[in-house]
Amino acid sequence: MVSFLDEYFPSGVAFGALGGPERRTEVVLLASGLEARNARWADSRRRYDASTGIRSLADLRAVLSLFEKARGRLFGFRFRDPFDHSTGDGGGMPTAFDQEIAQGDGVTETFALTKTYGNGEAAYAREIRLADPASLKVAVEGAEVTVGVDAWLNAGNGELVFASPPADGAQITAGFFFDVPVRFDTDRLEVSLTHFEAGDIPSIPLIEIRI
């Protein structure tokens with residue numbers, strides 16, 4: 001992963017962050033009064049303001065330390081989205097049957113991890129590149145496999161790898177916690193002890209990146 005630090009944004013600050021997914025849609029009003037809408041982005045992109053999660057000077061110092069290590073906008077890092085970080089039902093503990101990942105073909109050993117939102121033809125499958133290896137659970141045709149022996153997570157690209165290809169037509173499912181790859185969306189943080197004591201916390205913008 002080029003220009004990426006495999007470490008976390010401070011978890012306590014992340015828990016109180018404000019933000020979520022963003023999409024880019026072009027809307028054209030037709031002469032008939034109807035609308036023509038076109039999705040400019042195939043995937044959503046998440047933005048956050050972590051300033052709402054600052055509760056102490058220790059929090060602020062932790063963010064400043066990461067900001068310096070990341071060289072501002074230069075390096076990305078992991079961010080645990082407080083609203084959406086699990087494939088489990090209602091954001092709970094993951095199970096091996098949470099998400100249908102793919103169907104085996106008897107040849108392929110590597111599969112991208114995804115989380116699907118909604119059902120039917122309009123469902124959106126979001127590719128997950130930063131799954132938590134310790135939380136990963138996998139099943140093939142309804143039978144859970146041993147992670148670390150039968151299947152494992154490729155830390156380099158975030159893909160699921162099997163020791164041997166799943167059989168043709170076999171349903172592959174998985175569950176996991178995951179993080180969002182983000183970077184600071186500024187090269188400047190303005191902090192002041194006076195402002196902090198008055199409850200005036202500077203903006204700490206974060207934006208999702210592709211890795």
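In what order do the three strands of the open sheet stand, and is their pairing parallel or antiparallel? The views below come from a predicted model, and the opening one gives the answer.

**View A. Three strands side by side in an open sheet.** Read across the sheet and you will find the order E8-E14-E13, with antiparallel pairing. Strand E8 (110-111) and strand E13 (151-153) stand at the edges, and each has a single partner strand, so one side of each is left without a neighbour in the sheet. As a reminder, strands of a sheet pair through backbone hydrogen bonds.

**View B. Where E8 meets E14.** Strand E14 covers residues 160-162, and two bridges join E8 to it. These two strands run antiparallel.

**View C. Thr 173 and its surroundings.** Look for Thr 173 in strand E15, which spans residues 171-175. Is this residue buried or exposed? Thr 173 counts as buried, because its relative accessibility is 8% and the cut-off for buried is under 20%. Its side chain reaches the backbone oxygen of Ala 96 at 2.7 Å. Setting aside residues up to four places away in sequence, Thr 173 also touches Phe 97, Gln 99, Glu 100 and Ile 101, as well as Lys 137, Val 138 and Ala 139.

**View D. Inside the largest nonpolar core.** This core has 21 residues, and those with the most contacts inside it are Phe 9, Val 63, Phe 77, Phe 79, Phe 184 and Leu 206. Two or more residues come from each of helix H1 (11-15), helix H2 (57-69), strand E6 (76-79) and strand E16 (180-184). Which element gives the most? That is H2, with four residues. Apart from this core lies another, of 19 residues, including Ile 128, Ala 151, Leu 160 and Ala 170.

**View E. Phe 184 and the residues it touches.** Not counting residues up to four places away in sequence, the partners of Phe 184 include Phe 9, Val 63, Leu 66, Phe 67 and Phe 77. Ile 204, Pro 205 and Leu 206 are also among them.

**View F. Pro 82 in its loop.** You can find Pro 82 between E6 and strand E7 (99-103). Leaving aside neighbours within four places in sequence, Pro 82 is in contact with Ala 14, Phe 15 and Ala 17. How far apart are the C-alpha atoms of Pro 82 and Thr 186? They are separated by 22 Å, while the two residues lie 104 residues apart along the chain.

Methods
Residues are numbered from 1 along each chain as its sequence is written. This is a predicted model: local features need pLDDT of at least 70, side-chain atom pairs count only at pLDDT 80 or more; totals for chains, interfaces and linings use all residues. Side-chain values use heavy atoms; hydrogens and water are left out. Buried means under 20% relative accessible area, exposed over 50%, partly exposed in between (1.4 Å probe, protein chains only). A polar contact is a pair of N or O atoms within 3.5 Å; within protein, one must be able to donate a hydrogen and the other to accept it, and residues adjacent in sequence count only if both atoms are side-chain atoms. Contact means heavy atoms within 4.5 Å. A nonpolar core is a set of buried Ala, Val, Leu, Ile, Met, Phe, Trp, Tyr and Cys residues joined through side-chain atoms within 4.5 Å. Two strands pair if DSSP finds at least two bridges between them.
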